[in-house]
Structures are given as C-alpha cells and as structure tokens.
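Welcome! Please take a moment with the sequence and the 3D view, and then we can walk through them together.

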Amino acid sequence: MVRTIIIAILCISCAIRCAKAFTSPQTRSSITIANAATNGQRHSYVSGTSMTSLPMAQISEAEAKKGIDKVVAALRRDKAAKQELGNLTKVNNILGYGSPKAGQIAVRFNASFKKGGMGLSSVPLPFGLGQSNESEGRGTMVGQVKASLDEKSGKVVECSVFRDLGYGRAFNLKV
C-alpha cells in the first residue's frame, strides 16, 4: 500500500516537471556567442544543447544557372562520364545552390542520362499509320549531381554524380 502511494507521488511529480518543460519555453536560457576564436561562427547554447550556424555568402539564381551550365558542359565533354553514365540529356530539377566557402559556388541538381541504343517505341499508330519513332525512355537513368565551381574562373573544382539518387554507386569527374 505504502509502495503504491510513493510510486503514484513520483509519477505525478514527474508529469508536472514534463508539463512545465513543454509549456514554458521562456524559462530556458539562450546565449549566442561570436568571437574571433570561432572564426565568425555563431554558437547558440540553449540549456545544454548547442547549434552552430556558419555565415554563408548568397549567390543569385542567374549565377547558379551559369554554374549548372558549366557542369553540364563538363559532363557532356568527358569521355569517362559518357561511358559510365551515358549522355546527359537534360537537367530535371535544381535541388539547391549556394556558396559554402568564399570564392566557391556549390550546386546540386537531378539530371537524366541516356545510354546508347535505339530505344524507339514500336507501338503501332492508330488507323494503320505505321509505327511511331518516339524515344521510349529505355536506358534512361536519373542521377543527382553535386558540384563545386570556382567563382572567378568558373572552372569545375569537383563533381560527383550519385546513381539511384545516392543509394547506389557514385561517379566522380576527374578535373
């Protein structure tokens, strides 16, 4: 009997502490520190946990598109990339861009690569008009391209293509 009363009191006090912690965030202390020893990084300490945010330069969408065009041109020129991945046919969507280091542009996008072969559809056209010559999509692979470029010269510093959107093998472009 006494044991159950003690356990019940402990459970109630624990529930009250949890409710206070979740309902009153203003009681937590928050400190932000920025000094020369951390190279301009801002550290935020909130009751024992720390988060770091780095100051990053912003780049425009036009600069990112120019960078993506240069990466696409480099992948289309490289013989090893053509042999391993196929021809880069199109950029599907842009996932992100930015400038993580001073003087460098980082881009990430999905691109479609197509290996050799006809890949033409043999579906008959209606009314006995023969067969269509449309590309059917066989041999197409979508990969995620992650690249860094030099901001001033526009040269590709590093580039890697992740097959199967990061779950398979990766191809690294030699620069």
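## Starting at Lys155

Lys155 counts as exposed because its relative accessible area is 59%. Here buried means under 20% relative accessible area, exposed means over 50%, and partly exposed is in between (1.4 Å probe, protein chains only). Lys155 sits in the loop between strand E6 (140–150) and E7. Helices (H or I, at least four residues) and strands (E, at least two) are DSSP runs, numbered from the N terminus.

Which residues does Lys155 touch, not counting those up to four places away in sequence? They are Ser148, Leu149 and Asp150, where a contact means heavy atoms within 4.5 Å. The C-alpha atoms of Lys155 and Val71 are separated by 8.7 Å, although these residues are 84 residues apart along the chain.

## About the model

Please keep in mind that this is a predicted model: local features need pLDDT of at least 70, side-chain atom pairs count only at pLDDT 80 or more, and totals for chains, interfaces and linings use all residues. Residues are numbered from 1 along each chain as its sequence is written, and side-chain values use heavy atoms, with hydrogens and water left out.

The pLDDT, the predictor's confidence in each residue from 0 to 100, averages 75 over the protein chain. A score of at least 70 is reached by 60% of the residues. Over residues 21–47, pLDDT stays under 50; for this stretch the model has 37 contacts beyond four places in sequence.

## The overall layout

The protein chain contains 3 helices and 8 strands. Read from the N terminus on, its elements follow the order α-β-β-β-α-α-β-β-β-β-β. Of the 175 residues in the protein chain, 26% are buried.

For the protein chain, the accessible surface comes to about 12,700 Å², and carbon and sulfur atoms account for 57% of that surface. Such areas come from the Shrake-Rupley method with a 1.4 Å probe; for residues, only the protein chains shown count as cover. Among contacts between residues at least 6 apart in sequence, 45% join residues at least 24 apart.

Is Ser148 buried or exposed? Ser148, which has its place in strand E6, counts as buried because its relative accessibility is 9%. Beyond four places in sequence, Ser148 touches Gln104, Ile105, Ala106, Lys155, Val156, Val157 and Glu158.

Gln104 belongs to strand E5 (residues 104–114) and is buried at 15% relative accessibility. Its contacts, again leaving out residues up to four places away in sequence, include Gly98, Ser99, Ser148 and Val157.

## Strands E7 and E8

Strand E7 (residues 156–162) and E8 pair in the antiparallel sense over 4 bridges; two strands pair if DSSP finds at least two bridges between them. One place to look is Cys159, whose bridge partner in E8 is Leu173.

Strand E8 (residues 170–173) has two faces. Phe171 and Leu173 form the covered face, while Ala170 and Asn172 form the uncovered one.

## Salt bridges

Side chains of opposite charge can pair when their charged atoms come close. How many salt bridges does a search of the whole structure find? The search finds 3, a salt bridge being a side-chain nitrogen of Lys or Arg within 4 Å of a carboxyl oxygen of Asp or Glu. One of them joins Lys65 and Glu61, with the closest N and O atoms 3.7 Å apart. Both residues lie in helix H2 (residues 61–77), 4 residues apart, about one turn of the helix. Lys65 is partly exposed at 43%, and Glu61 is partly exposed at 47% relative accessibility.

Glu84 also forms a salt bridge with Arg163, and here the closest N and O atoms are 3.1 Å apart. This pair links distant parts of the chain, 79 residues apart: Glu84 is in helix H3 (residues 79–84) and Arg163 in the loop between E7 and E8. Arg163 is buried at 18% relative accessibility. Glu84 forms a salt bridge with Arg169 as well, at 3.4 Å between the closest N and O atoms. Glu84 lies in helix H3 and Arg169 in the loop between E7 and E8, so the pair ties together parts that are 85 residues apart in sequence. Through shared partners, salt bridges join Glu84, Arg163 and Arg169 into one network.
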